[in-house]
Amino acid sequence: MTLELHVWGPAFGLPSIDAECLATVTYFAQTLSAADYLLVQSSPSAVPSHHLPALYNPSTATWISGFDPIVNYLSTLQPPSYHHPDVTTLPSRVYADSQAYKALLTSSAAPLLALSLYVSSANYSETTRPAYSAILPFPLPWTEPLAVRAAMAARAAHLGMSSLDTDAEMERLEKEEREREAAGWVQIPRALRKAVGGQNSGVKGQLSPEMKRRIKLEGLAAEVFDVLGEVDFLEEENGEEEEEDKEGRGRIKVTLETKCLAFAYLALMLLPDVPRPWLKEVLQRKYAGLCEFVLEYRRKTFPESGKVLPWADRESDPAVSACDSAFSIVGRFVRAVVDDIPMLGREWSRWWALRQRRVAEENSTETQLVIRRSVGESERSLLLAGAGLTLLAINVVGLGIYWYRYRGLLGAPLQTWHRPLVGLGSFGAAGAMFAGLA
Amino acid sequence: MATTSTAAPPRKWWQVPRPLQKVFDTFPLLAYDVNALPARAQSATSGDLPTLYVFSTEEEALLGAPSFNPSCLKWQAFLKLAGVKFQILPSTNHASPTGALPFILPARSSPTDVPSPIPSSKLHDYALKYGTSNPPEVSALRLDAYQALLDVPIRNAWLQALYRDPQYIDLLDRFYITPASSSYWVRGALRHQLRRAAETEIRKTGPGGAASTALSLLVDEHSVYRAAVKALEALATLLSESKTGWFFGAETPTIFDASVFAYTHLMLKYMSDAEGEVEGEKDFILASRKLGIMVRSAGSGELEQHHRRLFELLWLADSNAELLDTKARGNKLLQVQLQA
């Protein structure tokens with residue numbers, strides 16, 4: 001039995017660019033032997049759940065996605081290939097703390113990471129986007145990173161740091177200006193505005209958005225790292241027994257999966273080489289323990305020399321080459337484009353994704369994992385999307401015919417030539433003289 | 001041309017012409033006293049007591065019963081804990097200055113006084129300032145981590161159950177849909193909107209935790225509930241370590257107790273079967289999709305016990321005295337409404 005783990009591809013010297021995927025790979029590397037699973041470089045549009053990481057078990061044809069569900073699923077598998085981390089022998093306190101810290105990582109560390117790698121325009125265009133381009137086959141870098149960025153921006157929206165996204169900021173300013181123009185307000189010419197003291201002059205104008213918000217950003221980061229700093233992540237090395245006895249409550253201990261998740265988030269904060277490294281600087285300056293944990297853990301789990309991660313070979317492996325064929329890539333690209341059609345595109349994609357998942361569920365032979373659909377909305381949205389798309393198509397075709405036929409886009413459809421009337425006027429000056437008489 | 005004189009102040013050429021000036025000088029003819037607010041406003045908005053606006057029904061608000069919205073209930077419980085005297089009124093998000101309930105309108109000191117509403121972000125300070133008994137502050141860094149448990153898995157499970165689970169459609173209608181409109185079409189649209197909003201919220205933290213792209217909408221309810229069971233288990237463990245029976249070993253209940261209570265109370269009240277011991281397999285509990293049962297079976301019942309103690313402390317202890325009081329006030333309110 002070989003499990004297939006579909007994840008985002010490697011970047012920044014780490015096995016995956018996405019935190020959750022990275023956590024899963026880290027967990028697999030420590031609990032499974034390399035012969036028992038296969039890492040497949042993928043993107044969300046290629047898996048039925050539209051979410052990475054996704055685990056595929058070929059023997060039961062089951063798809064599982066998300067870090068937590070995958071870890072759960074692994075624990076239902078049989079040893080010997082899977083080395084269960086000993087959960088039962090740990091005190092229940094450790095287990096409870098681990099749950100809490102896992103929730104903290106997803107609720108607070110994820111938005112921070114989103115701010116640093118995705119929301120900040122400079123970091124995104126210099127570092128993140130090229131990294132995505134490197135791991136995706138050709139037309140997909142046009143669609144997929146955008147979707148990821150949108151999701152990440154939504155993730156971090158509650159922090160109120162959207163000004164880091166200078167593209168969006170410029171767009172907003174331009175829109176405001178157009179509105180003002182339309183409303184008929186007096187306009188100061190652009191050239192004058194700069195001299196008077198507009199956006200780009202003075203010290204403030206020279207500062208990058210990250211510098212302007214530096215204090216608040218550092219505050220946000222500190223809130224998270226202070227809490228994470230309480231955890232003893234590197235416990236194995238420091239002799240675990242002694243510390244516990246010494247004091248009733250020493251540093252907090254957590255389970256392996258929480259460590260993996262913490263490593264994933266912290267590594268993606270610390271390791272990428274970004275042009276606006278505020279998050280990295282905060283970590284390095286004040287939280288040496290966390291940095292040490294990241295480097296140490298990486299050295300231990302993914303040694304430079306030694307065991308290699310079992311990446312699937314693109315050419316030889318049938319499972320991988322199927323989902324990487326040109327045909328499927330074009331299909332994925334087209335679906336992403338359709339998804340961008342306002343209003344209806346999203347409905348259609350919802351329907352498509354639901355259908356794909358249902359097919360995957362029906363194929364699965366494991367009954368316990370079959371998931372009920374929530375509220376019979378799929379049928380209705382199918383009808384709605386179908387009707388809407390048909391209407392749209394009819395409209396587009398009709399509009400095209402109308403333009404072609406009546407608006408003369410390519411010239412009038414019927415060209416007529418009238419023979420000029422032969423009258424007295426056509427006989428020169430003499431004719432003109434007599435025309436008045438006629 | 002204007003003529004100048006040395007005695008009068010220098011006249012300027014744009015001065016208002018004298019006849020017009022005379023007309024203006026007669027104004028104001030008479031300044032009336034400021035109108036008092038309508039009599040109904042006195043008791044219906046803010047009377048002698050500060051008013052907390054929450055999601056509730058008319059009858060339950062009169063009795064001061066717990067709100068059915070978790071964040072409203074959290075602040076309602078905390079204000080009671082702090083010993084603030086207040087009344088509650090049903091309201092909607094549209095009425096709130098911040099766009100979200102709850103908010104509190106302080107008591108009016110004079111009939112013309114216009115108190116400014118206090119949004120939920122400042123309610124903590126308000127409670128400490130005006131309360132009679134100060135709930136202790138918890139200063140544990142772990143508090144933030146456990147707060148995240150409430151913010152992510154438990155909140156997601158609540159959203160999933162109430163908004164997306166077919167078995168609670170009636171509950172959703174009763175809470176948010178029926179009071180809002182009587183039109184079939186409006187209700188349908190509202191339901192759809194709420195469901196989508198809940199889905200977006202759950203998706204933000206994803207099936208496994210991290211943000212997911214727009215298409216992985218298919219919120220996997222199984223894993224949402226499983227995460228909630230684990231979170232409740234963790235909270236029960238934390239509670240079992242405390243000697244006082246309140247979280248983090250505090251002497252009296254804290255804000256964290258109020259936040260936990262807000263969820264456990266609603267889950268136990270609306271999302272469990274009739275009272276009685278539920279013994280079952282873990283898988284059976286998961287499959288039932290009833291959050292109340294999950295609360296009850298977490299740990300060895302610590303959460304249910306915690307809920308009962310807090311409920312008795314806040315609602316049952318002074319219920320006899322207060323019930324009469326609220327009833328009297330309710331009658332007065334009705335009378336005033338009839339008169340107006």
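Reply: Let's start with one pair of residues: the bridge partner of Tyr56(A) is Trp63(A), in β4(A). This is a predicted model, in which local features need pLDDT of at least 70 and side-chain atom pairs count only at pLDDT 80 or more, while totals for chains, interfaces and linings use all residues. Residues are numbered from 1 along each chain as its sequence is written, and chains are lettered from A and ligands numbered from 1 in the order in which they are written.

Now for the strands themselves. Strand β3 of chain A, residues 54–57, pairs with β4(A) in the antiparallel sense, over 4 bridges. Here two strands pair if DSSP finds at least two bridges between them. Strands are DSSP runs of E with at least two residues, helices are runs of H or I with at least four, and both are numbered from the N terminus.

Stepping back, 4 strands of chain A form an open sheet with mixed pairing, in the order β2-β1-β3-β4. At its edges are β2 (37–41) and β4 (62–65) of chain A, each pairing on one side only. From one strand to the next, the twist averages 20°.

A helix joins the picture too: α2(A) packs on the sheet and touches β3 and β4 of chain A. The direction of α2(A) makes about 130° with that of β4(A). Such angles run from 0 to 180 degrees between N-to-C directions, with axes as lines fitted to C-alpha atoms, for helices over the stretch in contact; two residues are in contact if their C-beta atoms, placed from the backbone, lie within 7 Å.
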